[in-house]
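Try each task before you read its solution.

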Amino acid sequence: MDTKSSVAKLIAQRKPRHALPRELYSNPEVYRQDLEQIWHKDWVFAGHTFELGKSGQYLTLQIGEYPVAVVRGADGEIRAFHNSCRHRGSKVCPEAHGKVAKLVCPYHKWTFELDGRLLFAGNMGQDFDKSQYGLKPAHCEIVNSYIYVCVADVAPDFSVFRQAVSPFIAPHNLDDCKVAFESNLIEKGNWKLVFENNRECYHCDGSHPELLKSYVENLSVAGVGGGDDPELTRHWDRCEAAGLPSRLMMDADGRFRMTRIPLSAGAVSYTMDGKPGVSVRLDDSGQPDIGALLYFNYPSTWNHVLGDHALSFRVLPIGPNETLVTTKWLVKKTAQEGVDYDLDRLTKVWIATNDQDRVLVENAQVGVNSPAYEPGPFSDIAENGVCQFDDWYCDIMQQRLSGNRVLLKSVG
């Protein structure tokens with residue numbers, strides 16, 4: 001039996017509303033299929049446009065087997081390239097972030113224009129045609145400051161996602177932001193365990209005392225519902241009256257979803273006292289209590305957008321049992337540290353929460369690696385979000401073999 005058939009068989013063994021079989025969290029061949037069927041085919045969140053505010057600024061990321069560089073060109077355009085020199089393959093952009101006049105390979109100094117064209121290649125002779133050896137482009141799309149890249153030869157349609165997510169994000173003016181702080185955390189767990197942990201707060205009471213100062217999981221929207229919760233609908237109505245789309249929107253297979261939830265009573269931000277962490281607001285709604293906009297896009301990102309700041313999270317698999325989680329705290333570009341916000345106060349809740357989640361994920365990975373592990377059932381009350389993610393994962397892996405496609409739907 002070939003690898004694809006073996007993985008399909010493992011997926012078929014999963015019981016409805018149960019966690020995944022052990023091998024789906026730990027088997028190297030399953031991990032390779034995760035890369036080939038999902039990460040190497042889908043749109044992956046790379047970073048924000050305002051991180052590349054000037055010509056020559058770049059950021060890099062590793063998408064499975066593909067190193068990618070995202071660069072602001074001299075013409076102002078943002079482009080993505082395979083970060084592999086056309087000479088002997090060295091990474092052209094070696095750092096996570098940088099600014100250059102030209103893209104110069106550090107190995108043999110082949111020099112590329114910011115739009116990818118090869119400008120100089122020493123000792124290659126008169127018959128060498130530079131026009132044939134520009135950097136290979138990767139697909140790149142932008143929506144309200146979010147940069148997405150896709151390394152597939154043919155990228156999936158981006159327009160459905162753009163049309164769905166943009167009305168939710170646009171009122172928060174994220175294009176006019178900056179990164180106040182960035183955290184990079186390597187979690188020794190499979191990327192699916194990282195996302196599963198994010199999709200429920202069943203564990204929060206015993207694990208996240210800082211987060212629970214302000215965050216209250218709304219079980220109605222953890223899975224696919226929400227419209228039957230009076231408190232939630234009142235929150236939606238109040239926010240939508242202020243020009244902030246709020247009702248749950250998701251595509252038919254649940255890959256992306258957006259909704260707005262209230263925070264705990266009296267809280268308006270993720271701080272230890274629930275008060276604003278930044279004095280300069282992002283939105284112009286005039287509504288002081290807008291809760292948190294939650295925005296997911298599998299497989300690579302979840303996001304929280306509040307009145308005073310936003311958090312973007314990026315997930316990138318490193319290996320079968322290792323995942324990089326990058327968190328960025330976004331504030332208004334004009335906000336000044338020490339004047340409009342205190343960095344420790346702004347970041348304290350999620351720095352603590354991220355590290356607590358790391359421990360939970362790593363313990364889960366050790367447990368599911370055990371030959372004695374047997375997938376247990378999900379709670380019908382508190383784990384609908386986890387079930388929804390696992391359903392999506394299993395469905396999309398099968399769909400990639402059958403070629404099925406899905407449409408957008410609104411819920412609630």
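**Exercise 1.** Find where Pro299 is placed, and work out what kind of peptide bond runs from Tyr298 to Pro299.

*Solution.* Start with the place: Pro299 is in the loop between β14 (292–297) and β15 (301–305). Strands here are DSSP runs of E with at least two residues, helices are runs of H or I with at least four, and both are numbered from the N terminus. Next, check the bond: from Tyr298 to Pro299 the peptide is cis, and its omega is near 10°. Before going on, note that this is a predicted model, where local features need pLDDT of at least 70 and side-chain atom pairs count only at pLDDT 80 or more, while totals for chains, interfaces and linings use all residues. Residues are numbered from 1 along each chain as its sequence is written, and side-chain values use heavy atoms, with hydrogens and water left out.

**Exercise 2.** How do α1 and α3 pack, and which residues make the contact?

*Solution.* Take the geometry first: α1 (residues 3–12) and α3 (residues 28–39) meet at about 100°, and their axes are 10 Å apart. The axes are lines fitted to C-alpha atoms, for helices over the stretch in contact, with angles from 0 to 180 degrees between N-to-C directions. That makes the two helices roughly perpendicular, the label for 65 to 115 degrees; under 35 is roughly parallel, over 145 roughly antiparallel, and the rest oblique. Then list the contact (heavy atoms within 4.5 Å): α1 gives Thr3, Lys4, Val7 and Leu10, and α3 gives Glu29, Val30, Gln33 and Gln37.

**Exercise 3.** Is Asn83 buried or exposed, and what does Asn83 touch?

*Solution.* Locate Asn83 in the loop between β4 (78–82) and β5 (97–99). With 2% relative accessibility, Asn83 counts as buried. Now skip neighbours within four places in sequence: Asn83 is in contact with Thr60, Pro67, Val68, Ala69, Ser90, Lys91, Val92 and Cys93.

**Exercise 4.** What is phi near in Arg17 and in Lys109?

*Solution.* Begin with Arg17, in the loop between α1 and α2 (23–26). Its phi is near 60°, a positive value in a residue other than glycine, and at 29% relative accessibility Arg17 is partly exposed. Go on to Lys109, in the loop between β6 (103–104) and β7 (111–112). Phi of Lys109 is near 65°, again positive in a non-glycine residue, and Lys109 is partly exposed at 46%.

Conventions
Buried means under 20% relative accessible area, exposed over 50%, partly exposed in between (1.4 Å probe, protein chains only).
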